Amino acid sequence: MYGGIEAGGTKFICAVSDQGEIIEKISVPTTTPNETLALVFDFFDQYELEAMGIGSFGPIGVDPTNERYGYVLATPKKGWKNYDFLGSIKERYDIPVAWTTDVNATAYGELLKGAAQGKNSCLYLTVGTGIGGGVVLNGEIFSGSAHPEMGHIMVKRHPDDDYEGTCPYHKDCLEGLAAGPSIEARTGIKGQDLPEDHPVWDIQAFYLAQALVNYSLTLAPEKIILGGGVMNQGHLLQKVREQFTTLMAGYMETPPVEEYIVQWGIPNESGIIGSLLLAEKVHQEK
Ligand code: ADP
Ligand code: ZN
């Protein structure tokens with residue numbers, strides 16, 4: 001049996017799998033580390049786990065040679081900043097634990113069971129309250145001394161956009177210009193309530209397409225998978241594909257754009273499924 005945690009800023013989803021099937025799943029609110037982990041332990045204590053996988057909100061320490069490996073780093077979430085999350089889990093359960101970001105776990109889940117099945121690589125990008133991305137290359141999660149922060153790349157401005165941007169660090173990085181809150185800040189209306197013919201969607205698609213061009217040029221994944229609340233707008237996906245084709249201008253060969261840039265295959269589930277699959281992977285590698 002394997003345990004998986006998709007640790008989000010508002011809730012933790014915990015699940016146990018046996019022979020590839022999820023046999024139990026719960027959701028607990030993210031409050032303080034002590035409170036939340038007490039509920040997490042109550043759940044997992046019921047099982048004899050062989051390994052666990054954690055996909056966590058971040059930023060997190062992912063470099064095993066760094067003393068803050070396994071820590072949650074500069075989060076505004078009260079009590080979690082510099083918290084040794086992985087250490088607390090390992091103290092309770094003396095088993096192998098796979099540790100990565102929520103978006104990396106989602107990319108892994110999508111690669112093995114979702115929209116990128118049969119591929120060796122994929123990139124997952126969530127467009128919601130923030131923008132974040134994860135990458136799996138040759139079946140392995142891509143990581144350096146830190147995990148990628150794909151939401152904070154710089155993009156060129158749309159000529160009709162003078163919105164300053166919401167990012168507290170950069171103002172007009174990708175996340176500052178294209179995450180859900182920027183749509184609401186420009187229009188005064190939440191994305192889910194905006195009509196499809198509103199001009200802001202073209203602006204949105206322009207920024208997202210630039211990001212996907214940049215990721216394609218630097219990482220060359222076999223598939224790009226989009227998820228998150230904003231991508232519930234089906235028409236936006238088509239606009240992103242069109243702008244991607246225009247901006248790439250035929251320079252790099254990618255698969256046909258309808259196959260290359262797609263919606264996630266297991267909406268809202270790929271994160272926990274990926275975490276469980278990472279538990280299985282770390283178990284087999286031990
Ligand atoms: P989070 O990123 O916090 O996990 P979501 O992925 O649901 O949560 O993203 C929330 C953001 O997505 C909000 O800014 C919200 O306005 C926007 N959003 C949610 N649903 C839609 C929708 N159907 N169309 C456009 N924007 C949406
Ligand atoms: Zn930023």
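This report looks at the aromatic rings and the ligand surroundings of a predicted model.

**Aromatic rings**

Let us begin with the ring pairs: the structure holds 13 aromatic pairs. One of them joins Phe 12 and Phe 85, whose ring centres are 5.7 Å apart; their planes meet at 35 degrees, so this pair is tilted. Phe 12 belongs to strand S2 (residues 11-18) and Phe 85 to helix H2 (residues 85-92), so the pair ties together parts that are 73 residues apart in sequence. Phe 12 has a relative accessibility of 0% and counts as buried. Phe 85 is buried too, with a relative accessible area of 0%.

Phe 85 also pairs with Trp 80: here the ring centres lie 5.8 Å apart and the planes stand at 70 degrees, so the pair is edge-to-face. Trp 80 and Phe 85 are both buried. Stepping back, ring pairs link Phe 12, Phe 57, Trp 80, Tyr 83, Phe 85 and Trp 99 into a cluster.

**Around ligand 1**

Now to the ligand. Among the residues around ligand 1 are Gly 128, Thr 129, Pro 181, Val 230 and Asn 232.

| Residue | Part of residue | Ligand 1 atom | Distance |
|---|---|---|---|
| Gln 192 | polar side-chain atom | oxygen | 2.8 Å |
| Gly 229 | backbone N or O atom | oxygen | 2.8 Å |
| Gln 233 | side-chain N or O atom | nitrogen | 2.8 Å |

On its own, ligand 1 has 560 Å² of accessible area, and the protein covers 63% of it. Which kinds of residue make up the shell around ligand 1? The shell divides into 2 nonpolar residues, 9 polar residues and no charged ones.

Methods. Residues numbered from 1 in each chain as written. Chains lettered and ligands numbered in written order. Predicted model: local features only at pLDDT ≥ 70, side-chain atom pairs only at ≥ 80, totals over all residues. Heavy atoms only, no water. Phe/Tyr/Trp six-rings, centres within 6.5 Å; stacked < 30°, edge-to-face > 60°. Helix = DSSP H or I, 4+ residues; strand = E, 2+ residues; numbered from the N terminus. Buried < 20%, exposed > 50% of the residue type's maximum accessible area, 1.4 Å probe, protein only. Near = heavy atom within 4 Å. Polar contact = N/O pair within 3.5 Å; in protein donor to acceptor, adjacent residues only side chain to side chain. Areas by Shrake-Rupley, 256 points an atom, 1.4 Å probe, with all protein chains shown as cover. Nonpolar A, V, L, I, M, F, W, Y, C, P; charged D, E, K, R; others polar.
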